[in-house]
Amino acid sequence: MSIGSFGQTWSLDKGHSKIGFTVTHHMISEVDGYFRTFDAKLTSAKDDFSDAVFEMTSQTASINTELEMRDKDLKGPNFFDVEKFPAMTFKSTSFKKVSGNKFALVGDLTIKDVTKSITMDVTIVGPEPHPRTKKPAIGIKALCTINRKDFGIGTTMMAAMVSDEVQLRATGEFNKD
């Protein structure tokens, strides 16, 4: 399906999307979390998405790991410091096809006023007509690993307690506006 030869905006279907993370706890198990409140959009003028721009914002106070005591710590000054830094953002700087439906997404991730360039491995499914609206829809999965200390997250926490490496995973369904 072609999306046309002019700029197109694709809006996030929040009910079919998630921004999450995984860390290793005590060097033996994984702990998953996610952000309940977020938004994202995709803009592209080309059918192959080669000029795509992705933008994402997550409200840090919406962090959820399914353990209230841990979530309270994560919202505090040693981790996300949500009172001072209520949002984290991502904006892409390039989007390049690797092969087939696999892409490399490079962009600026900002957490706690620290901005670093990251590269995410992206898989796109579609576009296909949405079953109800018949408008074009795509599915996206983006993965990468960051070092939490690079962003000032939990700098006093030893890696033996919580890994420095954090796996980020964003999945989403986008619908053409």
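Reader: What makes you say which residues Val-122 touches?
Author: Contact means heavy atoms within 4.5 Å, and, leaving out residues up to four places away in sequence, Val-122 touches Phe-95, Asn-101, Lys-102, Phe-103, Leu-105, Ile-140, Lys-141 and Ala-142. Bear in mind that this is a predicted model, where local features need pLDDT of at least 70 and side-chain atom pairs count only at pLDDT 80 or more, while totals for chains, interfaces and linings use all residues. Numbering runs from 1 along each chain as its sequence is written, and side-chain values use heavy atoms, with hydrogens and water left out.

Reader: What makes the space of about 460 Å³ a pocket?
Author: On a 1 Å grid, a pocket is an open set of points with protein on both sides within 12 Å along at least five of seven lines. The largest pocket comes out at about 460 Å³, and of its 24 lining residues (an atom within 4 Å of a point), Phe-21, Val-23, Leu-74, Phe-79 and Val-162 are the closest to its centre.

Reader: And how much space lies in the second largest pocket?
Author: About 190 Å³, with Gly-20, Phe-21, Thr-22, Gly-33 and Arg-169 the closest to the centre among 17 lining residues.

How values were computed: On a 1 Å grid over the protein atoms alone, a cavity is a set of points where a 1.4 Å probe fits but cannot get out, and a pocket is an open set with protein on both sides within 12 Å along at least five of seven lines; lining residues have an atom within 4 Å of a point. Grid points are joined across faces, edges and corners, and a volume is the space filled by probe spheres set on the points.
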